[in-house]
Amino acid sequence: MPEPSQNLGPHSTKKTLNTTCYGAFLVTQQAAKRMRHQGDGSILFSGASAWVKGFAISSVFAMEKFGLRGLAQALARELHPQNIHIWHFLINGGIRAEHRIERQDDGNDSRLDPDAIAECYLRFHRRHRSA
Amino acid sequence: MANSVLIVGAAPGLSAALACLCTRNGMAVALAARNIKKLKAIFAETDASQHLCNASDADQVASLFAELDHTIGTPDMVVYTP
């Protein structure tokens, strides 16, 4: 949830960054090690508009997404020559999720369709390496 | 083209949609999360394997992939969506 920076807890902030950025590093390191051996693979990250713009009362989210974008860009340039493809998706809005009240469909087309995004993810995974 | 996908940080919403889509496409699906209780609905709709994993713990992540080595092998697609 958006929170003024002065209210952020040091430990919860560290925990969040550990999960988003350090966790992404750990997972991609294990995945890429195996994909190199296999000769191909795709690694996809879910990003947001906060990956390019730090919004007010959104310090932690901005750090998370900027960090993830940096990792994705560096990995893409390192691993593409080895036929491992990195995708970082800018999801510009809230994805519909029935289990979260604030993310339920309100009938005004204000939430993004998770099925449509899933289709997009799979399509990118299956793209020819030249495309 | 059947292959496999690992979704880390899985939760209802996008992960559920992706798990269902990949299952319909004949892919082996593995879901990893710190709290796998919230994934019950996904497991009911797919035959995805479930893996308890804190992605910020190096040992747990290494164990997750070692486990997959013995089941679905190297995932062709890894989705990190914390």
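The structure is a predicted model, in which local features need pLDDT of at least 70 and side-chain atom pairs count only at pLDDT 80 or more, whereas totals for chains, interfaces and linings use all residues. Residues are numbered from 1 along each chain as its sequence is written, and chains are lettered from A and ligands numbered from 1 in the order in which they are written.

Chain A contains 3 helices and 2 strands, where helices (H or I, at least four residues) and strands (E, at least two) are DSSP runs numbered from the N terminus. Read from the N terminus, these elements follow the order α-β-α-β-α. The C-alpha trace of chain A spans about 45 × 40 × 25 Å along its principal axes. Of its 131 residues, 29% count as buried, a residue being buried if 20 or more other C-beta atoms lie within 10 Å of its own, exposed if 12 or fewer, and partly exposed in between, with C-beta atoms placed from the backbone. Among the contacts in chain A with a separation of 6 or more, 56% come from residues 24 or more positions apart, a contact requiring that the C-beta atoms of two residues, placed from the backbone, lie within 7 Å.

Between the chains, 31 residues of chain A are in contact with 25 residues of chain B. On the side of chain A that touches chain B, two or more residues come from each of α1 (10-38), β1 (41-48) and α3 (114-126) of chain A, and α1(A) gives the most, with 13 residues. This side is made up of 16 nonpolar, 11 polar and 4 charged residues, where Ala, Val, Leu, Ile, Met, Phe, Trp, Tyr, Cys and Pro count as nonpolar, Asp, Glu, Lys and Arg as charged, and the others, Gly among them, as polar.

The two chains also share an open sheet of 6 strands, in the order β2(A)-β1(A)-β4(B)-β1(B)-β2(B)-β3(B), with parallel pairing; strands pair if DSSP finds at least two bridges between them. The edge strands, each pairing on one side only, are β2 (84-91) of chain A and β3 (49-52) of chain B. Across the chain boundary, β1(A) pairs with β4 (residues 77-80) of chain B in the parallel sense over 4 bridges, and the bridge partner of Ile43(A) in β4(B) is Val78(B). Within chain B, strand β1 (residues 4-8) is joined to β4(B) by 4 bridges, again in parallel, and Val5(B) stands opposite Met77(B).

Leaving aside neighbours within four places in sequence, Val79(B) is in contact with residues including Leu44(A), Tyr121(A) and Val5(B). In strand β2 (residues 28-33) of chain B lies Ala30(B), which counts as buried because it has 23 C-beta neighbours inside 10 Å. The C-alpha atoms of Ala30(B) and Gln50(B) are separated by 6.0 Å, although these residues are 20 residues apart along the chain.
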